[in-house]
Amino acid sequence: MPQIIFLPNEELCPEGLVVEAEKGETVLNVALKNDIGVEHACEKVCACTTCHMIIREGFDSLDESDELEDDMLDKAWGLEPESRLGCQAIITDEDLVVEIPKYTVNMVSENH
């Protein structure tokens with residue numbers, strides 16, 4: 001079972017967290033199941049950038065992003081080459097190290 005290491009995030013996960021993940025789950029769903037309150041304003045349908053994450057390790061194990069995700073990512077704050085939308089990043093057999101950016105493009109939190 002792959003592990004996801006969520007790096008410390010001042011607001012969402014101050015200590016960081018290491019969790020087990022099921023193959024086929026999205027990184028966003030794993031975060032939410034483990035009480036990491038990542039924003040997801042579009043309800044996980046790839047229509048916003050609030051679940052933008054940076055895959056620091058294991059990026060190449062993920063399926064490639066599609067054109068829709070790439071278009072959305074272009075609008076994300078702090079975009080990096082290893083950026084993905086958490087709602088679209090599907091876990092495979094490899095461990096991941098994930099950074100949740102400090103900021104999103106939303107000015108107001110949705111507080112899901």
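**Exercise 1.** Describe the largest nonpolar core of this predicted model.

*Solution.* Step 1: the largest nonpolar core contains 25 residues, and those with the most contacts inside it are Ile4, Phe6, Val27, Val38, Leu96 and Val98. Step 2: two or more residues each are contributed by β1 (3-6), α1 (27-33), β3 (52-57), α2 and β5 (96-99). Step 3: α1 supplies four residues, the largest share of this core.

**Exercise 2.** Determine whether Arg84 and Glu69, which form a salt bridge, are buried or exposed.

*Solution.* Step 1: the closest N and O atoms of Arg84 and Glu69 are 2.8 Å apart. Step 3: buried means under 20% relative accessible area. Arg84 has 4% relative accessibility and therefore counts as buried. Glu69, with a relative accessible area of 2%, is buried.

**Exercise 3.** Classify the partners in the salt bridge between Lys102 and Glu10 by accessibility.

*Solution.* Step 1: the closest N and O atoms of this pair are 3.7 Å apart. Step 2: Lys102 lies in the segment after β5, whereas Glu10 lies in the loop between β1 and β2 (17-20). Step 3: exposed means over 50% relative accessible area. Glu10 has 61%, so Glu10 is exposed. Lys102, at 48% relative accessibility, counts as partly exposed.

Key: Residues are numbered from 1 along each chain as its sequence is written. This is a predicted model: local features need pLDDT of at least 70, side-chain atom pairs count only at pLDDT 80 or more; totals for chains, interfaces and linings use all residues. Side-chain values use heavy atoms; hydrogens and water are left out. A nonpolar core is a set of buried Ala, Val, Leu, Ile, Met, Phe, Trp, Tyr and Cys residues joined through side-chain atoms within 4.5 Å. Buried means under 20% relative accessible area, exposed over 50%, partly exposed in between (1.4 Å probe, protein chains only). A salt bridge is a side-chain nitrogen of Lys or Arg within 4 Å of a carboxyl oxygen of Asp or Glu.
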